[in-house]
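Subject: Handing over a structure, with notes on what was found

Dear colleague,

I am passing on the structure below, together with an account of what was found in it. Please read the notes with the structure open beside them.

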Amino acid sequence: MGENAGTKNHQHQGFDISIDMLPRSDSKCYDDDGRLKRTGTFWTASAHIITAVIGSGVLSLAWAIAQLGWIAGPAVMFLFSFVSFYTSSLLSECYRTSDLVSGKRNYTYMDAVRSILGGAKVKACGFIQYLNLFGIAVGYTIAASISMMAIKRSNCFHESDGENPCHMSSTPYMIMFGMTEILLSQIPDFDQIWWLSIVAAVMSFTYSSIGLALGIAQVAATGTLKGSLTGISIGAKVTQTQKLWRSFQALGDIAFAYSFSVILIEIQDTIKSPPSESKTMKKATKLSVSVTTLFYMLCGCMGYAAFGDSAPGNLLTGFGFYNPFWLLDIANAAIVIHLVGAYQVFCQPIYAFIEKRAAQKWPESDFITNDVSISIPGCRPYKLNLFRLVWRTMFVMLTTIISMLLPFFNDVVGILGALGFWPLTVYFPVEMYIVQKNIPKWSTRWICLQMLSICCLIISIAAAAGSIAGVMLDLKAYKPFKTSY
């Protein structure tokens, strides 16, 4: 899913209740909710969305198009882009409750679900969000280990002049990534990791651009566009059943690349008015989805044109033994740096939710509430919280162990896409829009919106089934903690 600067305030509210601020008399400095005047524009909102969306999901698009072919691949990508744009437009009208200009503001996605839908749907939304975030942490650990191995294997291959196949295990690299995340997880909250978010954004554009450039160079060198109209060929390597499951899994991979609606309310909360925030947000969404789709089409299609049926699950690892190998090392290093930062950005809401609930339940516990001040030469004293140290370390260890047990990047990405796309990108925005606009039940518009939601649910179920089938197939030839590449 996408995962950088735009996610900085992402889901910080969890199941919590928002506190409204009273309006201030000085309207020149404050907005109608008592907060300082928002300064965001069409351009800043567009930049936030593009930065948040383009991430590690782009690396699996060449593989996804290879499963679907030159006709269905781009068509499905355009379909997901349209659905994402349309539902995001519906969601933008839920930023303010009741009235688009003067209604009560919702600061986060969870706030909007709480104020418009309420009841059990709030808890369901929160559960899906946090489960999705946990899955993303697992997916990022796998992706980072693959890129670290790609650097090592590339250098090993060139040092041996291609004689050594350089097989190695992913486990040590996952442990290295996990240890790094344990250290960074001790940064208390979002306010203190803004620099990680900026670095992650720069890195995502770096490796995506290198992947695109290498795809173009590969096609130019061979002078041919590989691939077929119907996708990967059925034969000795792929049976008809496997092709079906892979096609379903490809839907999940593409859905993962487009699952960004959940951060739009937070971005919309930065936009100044007039004109109304929803009007500006619709324009920003239209531009950003168009730019993202163009970039995705270029990366996915050029990757497929370069590799054909053998397009890898992670585009950059497919170029692993090609020259200039130093450029690939830079791209893979950029992926690792990006994922180190993105992991923290996406895990901070989980950290904050658990720690706040623990503090509410055991307010008298010194283990949970007390901080130990540690002096650091040249810096402000670091406040170490023992509960934060233990709980966050256990969380990172759990995600690392699961990653070592299921080190299948494509399958995990597909499951994440299937898990998050329908409920977070389609169902809740559609349901909130219906309530917000008082659309009568069984009216033409209500039926059309429900049909859209049901169709996307079917696609999500198919994508989940394909990804789970992929995991089951991979497990047949898999030994725990001994996977090598």
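Predicted model: local features only at pLDDT ≥ 70, side-chain atom pairs only at ≥ 80, totals over all residues.

On the side of helix 5 the contact is made by Phe177, Thr180, Glu181 and Leu184, while helix 11 contributes Leu339, Val340, Tyr343 and Gln344. Sorted by class, the residues of this contact between helix 5 and helix 11 are five nonpolar, two polar and one charged.

In soluble globular proteins, nonpolar side chains tend to be buried together. If neighbours within four places in sequence are left aside, Tyr343 is in contact with Ala137, Tyr140, Thr141, Phe177, Glu181, Tyr351, Phe395, Val396 and Thr399.

Helix 11 also meets helix 4, residues 120-159, and here the axes come within 9 Å and cross at roughly 160 degrees. Helix 4 is therefore roughly antiparallel to helix 11, and it passes helix 11 in a left-handed crossing. The contact of helix 4 with helix 11 comprises 23 nonpolar, six polar and one charged residues.

Helix 4 has a further partner in helix 13, against which it packs at an angle of about 60 degrees, with the axes 9 Å apart. That angle makes helix 4 oblique to helix 13, and the crossing in this case is right-handed. Phe134, Ala137, Val138, Thr141 and Ile142 of helix 4 form the contact together with Phe395, Leu398, Thr399, Thr400, Ile402 and Ser403 of helix 13. By class, the residues in the contact of helix 4 with helix 13 are seven nonpolar, four polar and no charged.

Helix 13 itself spans residues 386-405 and includes Thr393. Is Thr393 buried or exposed? Its relative accessibility is 18%, and because buried means under 20%, Thr393 counts as buried. Apart from neighbours within four places in sequence, Thr393 is in contact with Ile182, Gln186 and Arg388.

Helix 3, residues 109-116, is mostly covered, with six of its eight residues buried; these are Tyr109, Met110, Asp111, Ala112, Val113 and Ile116. Just after helix 3, Gly118 takes a positive phi of about 65 degrees.

Finally, a few figures for the whole chain: there are 15 helices and four strands, and buried residues make up 55% of the 485 residues. Among contacts with a separation of 6 or more, 81% are accounted for by residues 24 or more positions apart.

With best wishes

Key. Residues numbered from 1 in each chain as written. Heavy atoms only, no water. Contact = heavy atoms within 4.5 Å. Helix = DSSP H or I, 4+ residues; strand = E, 2+ residues; numbered from the N terminus. Nonpolar A, V, L, I, M, F, W, Y, C, P; charged D, E, K, R; others polar. Axes fitted to C-alpha atoms, helices over the stretch in contact; angles between N-to-C directions. Parallel < 35°, antiparallel > 145°, perpendicular 65-115°, else oblique. Left-handed = near helix turned anticlockwise from the far one by under 90°. Buried < 20%, exposed > 50% of the residue type's maximum accessible area, 1.4 Å probe, protein only.
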